[in-house]
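User: I am new to this structure and would like a close look at a single part of it, the open sheet and the loops that follow its strands. Please take me through that part step by step.

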Amino acid sequence: MKKTLAALMMAATVVATSLTAFAEEAEDQNDKYVQEHTPGQWVEILLEEDMDASDLKVTNKLTSGKDAVASVTVGRNDNGKDALTLKLKETYGTQAVNIAGDIQLRNKNSNSVVKTYSFDFVAQWKKATIDADAELEIVLDNEAPVYAFHSSNKNVTFSFADVDAYFAVRLEDQAPVNMHYTTKAIKSIVQANEDADLYFLQFSGNPTFDFNGTFTYNVIDNDKDWYLYEVNSEGKLVKTKAEYNKEEGTLTLKTKTLSSYVISDKELKTVAASNNNNNSNSNSSSGSSSGNKTENPATGSVDFVNVAVALAVVSLAAAGAVAMKKAK
């Protein structure tokens, strides 16, 4: 069984370049967990039947990527089963982070090692595949939010799968950007401005470009006056210099950095916004639709001994996957 498992792992390594290489079994016969993850997800490994989570404690011996890990716990999962859970921090950068090393489960009383789990995997957002076109028109949908441009790419226009807005900007040796976005409402702003129609568009990674671009938002009703506010890095609501064209029904803003925006039909009270992680999962009373298609789901409960077999199958199937939606 072990030889068959090793063969499957080697085959998956050759075909699936998005996964880190499968490692040889450790001396204590524990397989390394190598499946790639997105920041904000978690790894959940079911304990063996003879192990009781209430008798155990965790010793974190990760040697790489500790800063990318929010927590490591052992206990009952949502299905009432004992599991080791490694939760990744929810970040929106462009670089991959390697998380490697061991997590030990020790007896609470004797401090003796009961089980050692080894990890060697990458946490990163998926990268879109971009051709070396002179001009690009890209529809964002959060499936692969990281964009690394070719030197020949001179202009790009980003639009959205579910928001009537776009951002057009010049490119010249542009560094990679993470264009992940959400339309979730910020609860504190909604509560402080209950008489306003509010719409939200938040760029989680604050993507920054080398040149000023034009952000355009098409309002839902051009019979009203509309205002564009920014939630700045301090969490404060700030009115932007966006221009409203009532005839066209557009708000336009010149900017290098895309931030978190609130669109309102009334001037807002400049309250401090709650942390984005505490945003309401529902939308504001205006009925704006949610555009956050990537909810950072967990991997699901897995048996650690059998995980490499499943990974081999997934890796082989995923080798030809294309990560970008591109509209010309």
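**The open sheet and its loops**

Six strands form an open sheet in the order S8-S10-S11-S15-S19-S18, and their pairing is mixed. At the edges stand strand S8 (135-140) and strand S18 (243-245), and because each has a single partner strand, one side of each is left without a neighbour in the sheet. On average, and with direction ignored, neighbouring strands of this sheet are turned by 20° against each other. This is a predicted model, and the description should be read with that in mind.

Within the sheet, strand S11 (residues 165-170) pairs with strand S15 (residues 208-218) in the antiparallel sense, over four bridges. Phe 167 has Phe 215 in S15 as its bridge partner. In general, the strands of a sheet pair through backbone hydrogen bonds, in either a parallel or an antiparallel manner.

In the loop between S8 and strand S9 (146-147) lies Asn 142, which has a positive phi of about 75° although it is not a glycine. Asn 142 has a relative accessibility of 4%, and since buried means under 20%, it counts as buried. The loop between S11 and strand S12 (177-178) contains Asp 173, a residue other than glycine whose phi is also positive, near 55°. Asp 173, however, has a relative accessibility of 59%, and because exposed means over 50%, it counts as exposed.

Conventions
Residues numbered from 1 in each chain as written. Predicted model: local features only at pLDDT ≥ 70, side-chain atom pairs only at ≥ 80, totals over all residues. Heavy atoms only, no water. Pairing = 2+ DSSP bridges. Helix = DSSP H or I, 4+ residues; strand = E, 2+ residues; numbered from the N terminus. Axes fitted to C-alpha atoms, helices over the stretch in contact; angles between N-to-C directions. Buried < 20%, exposed > 50% of the residue type's maximum accessible area, 1.4 Å probe, protein only.
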